[in-house]
Amino acid sequence: MSKCGKVSADVEIKSPCDKFHEMVACKPYLLSKCSPEAIQTVDLLEGQWGKQGYISCWNFSFDGKPSKNTTIAEEIDFKNKSGTWKTIEGNLTELYKNFKIILQVTSSGENGSSLAKWTLEYEKLNDNVPDPTTMLQILLDYGKRADAYLTQALLQCN
């Protein structure tokens, strides 16, 4: 059985794709306001939010347990509304040798909606480690909550 893999899924969002991408890439600390039961804090450890190379620490719930994950932003692309974050420390490193989260936000053109595609690329430490489908579902849920937060904020501004 292969230890390397990739899983991905899309979530439809109503907020503008540039605003959604900006929130995830530049203001991920707001995700704790959108989903406090799932994400307790997102702290900047090094660098500057939204700049390639920034390091952040996420305190969140994973399978009902408190978890911590430290990531480095490998790529932030504002033109293509994408980003790649690599796990460098935390609970996920107990299961995966390599773990990357990739976000691509695109306009679907239908009713002004957009799609946020979350992709996880990973290498398991051993064959007993499950595919990270739970983590993918967490990201989809975060995406829905972030979209609701942005949509509400935009309505309040109009």
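Q: This is a predicted model; among contacts between residues at least 6 apart in sequence, what share joins residues at least 24 apart?
A: That share is 49% in the protein.

Q: What makes the radius of gyration of the protein agree with a compact globule?
A: A compact globule with 158 residues would come out near 15 Å, and the protein has 15 Å, so the two agree.

Q: Why is the pair Lys6 and Glu121 called a salt bridge?
A: The cut-off is a side-chain nitrogen within 4 Å of a carboxyl oxygen. The closest N and O atoms here are 3.8 Å apart, so Lys6 and Glu121 qualify. The pair links distant parts of the chain, with Lys6 in strand β1 and Glu121 in strand β7, 115 residues apart.

Q: Why does Lys6 count as exposed, and what is Glu121 called?
A: Exposed means over 50% relative accessible area, and buried means under 20%. Lys6 has 57%, so Lys6 counts as exposed. Glu121 has 29%, which falls in between, so Glu121 is partly exposed.

Q: How do you know that Glu74 and Lys100 meet in a salt bridge?
A: Their N to O distance is 3.0 Å, and the limit is 4 Å, so the pair counts. Glu74 lies in strand β4 and Lys100 in strand β6, so the bridge ties together parts 26 residues apart in sequence.

Q: What makes Glu74 and Lys100 partly exposed?
A: Glu74 has a relative accessible area of 29% and Lys100 has 26%.

Methods:
Residues are numbered from 1 along each chain as its sequence is written. This is a predicted model: local features need pLDDT of at least 70, side-chain atom pairs count only at pLDDT 80 or more; totals for chains, interfaces and linings use all residues. Side-chain values use heavy atoms; hydrogens and water are left out. The radius of gyration is taken over C-alpha atoms; the globule rule is 2.2 Å times the number of residues to the power 0.38. Contact means heavy atoms within 4.5 Å. Helices (H or I, at least four residues) and strands (E, at least two) are DSSP runs, numbered from the N terminus. Buried means under 20% relative accessible area, exposed over 50%, partly exposed in between (1.4 Å probe, protein chains only).
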